[in-house]
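Trainee: Could we go through a model together? I'd like to learn how to read it.

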Amino acid sequence: RLELKYGAQYTGKRTDAAMNKWRSNRFGQFIHWGLYAIPGGVWNGKTYNYAAEFLKSSAHISTATWDSLMYKFNPKKFNAKEWAKMAKKMGVKYMTITTKHHEGFCLWPSRYTDFNISNTPYKKDILKEIVDAYNAEGIDVNFYYSVLDWHNPDWRYDIKSKEDSIAFRRYLDFAENQLKELATNYPTVKAFWFDGTWDASVKKNGWWTLEVEKMLKSVRPGVIINSRLRADDYGSRHKDSNGELMGDYESGYERRLPDPVKDIKVTSWDWEACMTIPENQWGYHQDWSISHVKSPLELLEMLVHATSMGGNFLLNFGPKGDGSIRSEEQNIAKTIGDWMAVNGQVIYNCDYAGLKKQDWGYFTREKGSNQLNMVIFNVPVSGLLHVDVPKGMILKKAHFLTTPGQQIKVEEIAKNQYLLHMPIKLYTSPQVIVVECDNGKENANKYQDAKT
Ligand SMILES: COc1ccc([C@@H]2N[C@@H](C)[C@@H](O)[C@H]2O)cc1
């Protein structure tokens, strides 16, 4: 083991109230909103297929030209309460919003740069309106903050000269001041989601990433920091040079999920996957026909998949420049919300159940509960759901969550193996079966292994 000054500050999962709440939330809404939402991926009549929040670079737009979009930011259809109501109906328990994306434009009236909401026609502190509206719906709010900043002249991708190190040190002070401002002026913030930390300049300043983590936790005790902020003494990111996870949860799953078999080790730490609805658009893009757009059920399966592996799922919305929410996103919020209203108990406060992944779907389990949840996406033509249980676990009664009176047959077919007999019919949404189980009891070993 290496002696590290800027490595992981602790090992294992945090078990304080703030982290327990973050973990039990499970389902969150990501919001990417900034100047990039105004052009929405189109510039001088040309549509750029790359991620809309990167239009400045994909269309080779000068910083002066891009930054003048600030004078056009005046979202006439913006209504924070409507956004929050939609999110509530979708069933999210938290929301993470881009306070500042790579473009450097700040949604809050920062003292440390004029490139912020107060110098737009909108003028008002739009971040405060959003935080207050979501908190009023009982939804926790977290802040996304990009360390990478295309606007600030002191930003550096690498440190190659004395000038670079002097300028970048000014930049790090600027960023730390902004973060202190956010943690101080928005006291209900629960977590910080850092992005734009992959460049050499940041990797060479691991000390700063720990200083920021400590500062935020002193200004806002209990606040939660993602691993993506952190670099250690040797520039190792997310996990330090001893392989220990830095920050409070792993944030390496972006537009992808851990494999239920190959990546089963993620169940031993906290993690979150963030996901776009199109293949790769975080900010609003006018034309979603350029890629696959995930269906509500595709996204719902990802949420269940994440919960089944002990992780959170952060689903991204990209509001338009006028503050309205596109119909595809409204539809997804409604469809997922309808399912969550009935079945949310198999997501909220649920975790990895400790059983082997089966083809028909996912297991989840509420901490300490003797109830096993089965969420079925792929109904087998036989109607027989195979379940392998860990030694000493016994399955008893089972029923669909929505029809507790109607028993589902639980058949023990071999040692630690069961089949549940699912009525064969057309199902048009994911089915939930709850199974009463006993642990720690040895089932009579009435099955012997074949001699081979
Ligand atoms: C160079 O690759 C990327 C990919 C995505 C990002 C940003 N991270 C996501 C969470 C979005 O904010 C996206 O713009 C930045 C650089």
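Trainee: What pLDDT does the protein chain average?

Mentor: This is a predicted model, where local features need pLDDT of at least 70 and side-chain atom pairs count only at 80 or more, while totals for chains, interfaces and linings use all residues. Residues are numbered from 1 along each chain as its sequence is written, and side-chain values use heavy atoms, leaving out hydrogens and water. pLDDT is the predictor's confidence in each residue, from 0 to 100. Here the chain averages 97, and 99% of the residues score at least 70. For the complex, the predictor gives an ipTM of 0.99 and a pTM of 0.97.

Trainee: Which residues are around the ligand?

Mentor: Look for residues with a heavy atom within 4 Å of the molecule. Among them here are His-32, Phe-54, His-101, Tyr-144, Trp-193 and Glu-254.

Trainee: Which side chain has an N or O atom 2.8 Å from an oxygen atom of the ligand?

Mentor: A polar contact is a pair of N or O atoms within 3.5 Å. His-101 makes the one at 2.8 Å. For Tyr-144, a side-chain N or O atom is 3.4 Å from a ligand oxygen, and a polar side-chain atom of Glu-254 lies 3.2 Å from a ligand nitrogen.

Trainee: How much of the ligand does the protein bury?

Mentor: Accessible areas come from the Shrake-Rupley method with a 1.4 Å probe. Alone, the ligand exposes 400 Å², and the protein buries 77% of that.

Key: A polar contact is a pair of N or O atoms within 3.5 Å; within protein, one must be able to donate a hydrogen and the other to accept it, and residues adjacent in sequence count only if both atoms are side-chain atoms.
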